Amino acid sequence: IDYYSSQFQVRFAPVTMAVLKTEQGLKVAGEDPYGMPSVGGSNPYVFVMPSSWAQVTCMPYPKRGAVPAAIIRQALTKGKTWDEVKFKGCDGIGKAEIRHPILAQLGIDPQTHWFNEFLASYVGYAYLKAKHPPEALASEIFWTQGLDVPHPFTKLSDFESKYDELEQKHPANYEWYQLALDQRVMEIYPSSGVQFLRSIRSAFPKHGPRLDSNQVLEKLEALSSGWKSWSMHVEAGDVEAVKLPPANHP
């Protein structure tokens with residue numbers, strides 16, 4: 001919150017994190033699976049996280065053997081264990097949840113569920129890259145290792161019309177969509193940084209005209225090319241993970 005307050009000269013309302021054990025989480029999760037980070041409900045400034053990722057079964061955790069050796073060496077510096085890196089990637093989802101109220105207070109209207117989720121990830125990722133690069137790497141590892149989960153739903157229109165159903169009844173497919181969005185986050189950030197959010201703030205203001213998915217894509221393509229190509233891969237269900245170079249490579 002402090003980081004984005006300084007970036008945009010906006011004073012944000014405080015956000016509270018509720019850390020819930022399994023039995024507590026099941027009481028407040030409703031139909032959502034336990035451990036799925038969330039924000040909203042009666043208070044949009046409270047977000048919920050599980051007390052331990054070890055008890056959460058709805059996440060497509062990355063497998064160490066699938067991560068390039070150079071990336072593993074980079075991630076396991078300063079005595080870190082693989083579980084610490086793996087679960088830091090899960091923590092990154094919570095950082096994205098914090099950013100939903102930040103986007104609202106910046107006056108950004110994403111228009112669609114999928115672009116809202118993209119922006120939440122982008123805001124969290126941009127902060128980590130600027131302030132906590134090791135945690136950003138943990139998120140990158142998490143994001144690039146779960147695209148092989150079953151995903152019978154691939155249309156952006158399905159993500160819009162079945163948003164709650166996907167989260168509650170098809171959590172693996174819901175996470176696949178999130179990971180597909182995260183690849184686009186990693187593609188755009190290196191050249192656009194926080195400036196991308198400033199452009200989005202101007203292009204998608206609150207109280208602007210209502211836009212459907214195709215119109216959102218048109219506006220985004222005009223800001224930075226590649227969105228239409230990305231959406232075609234999503235709709236075909238064949239999104240590829242972004243390649244992660246070792247830190248000493250460009």
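Q: How many salt bridges does the structure hold?
A: The structure holds seven salt bridges, a salt bridge being a side-chain nitrogen of Lys or Arg within 4 Å of a carboxyl oxygen of Asp or Glu. This is a predicted model, in which local features need pLDDT of at least 70, side-chain atom pairs count only at pLDDT 80 or more, and totals for chains, interfaces and linings use all residues. Residues are numbered from 1 along each chain as its sequence is written, and side-chain values use heavy atoms, with hydrogens and water left out.

Q: What makes the contact of Lys86 with Asp83 a salt bridge?
A: The closest N and O atoms of Lys86 and Asp83 are 3.4 Å apart, so the pair meets the criterion. Lys86 and Asp83 are three residues apart in helix H4 (residues 82-105) and therefore separated by about one helical turn. Helices here are DSSP runs of H or I with at least four residues, numbered from the N terminus.

Q: Why is Lys86 called buried?
A: Buried means under 20% relative accessible area, exposed over 50%, and partly exposed in between (1.4 Å probe, protein chains only). Lys86 has a relative accessible area of 16% and is therefore buried, whereas Asp83, at 40%, counts as partly exposed.

Q: What does the salt bridge of Lys88 and Glu135 tie together?
A: The side chains of Lys88 and Glu135 meet at 3.7 Å, N to O. Lys88 lies in helix H4 and Glu135 in helix H6 (residues 133-143), so the pair ties together parts that are 47 residues apart in sequence.

Q: Why is helix H11 called oblique to helix H12?
A: The axes of H11 (residues 213-223) and H12 (residues 227-236) come within 8 Å and cross at roughly 135°. This makes H11 oblique to H12, because angles under 35 degrees count as roughly parallel, over 145 as roughly antiparallel, 65 to 115 as roughly perpendicular and the rest as oblique. Axes are lines fitted to C-alpha atoms, for helices over the stretch in contact, and angles run from 0 to 180 degrees between N-to-C directions.

Methods:
Helices (H or I, at least four residues) and strands (E, at least two) are DSSP runs, numbered from the N terminus.
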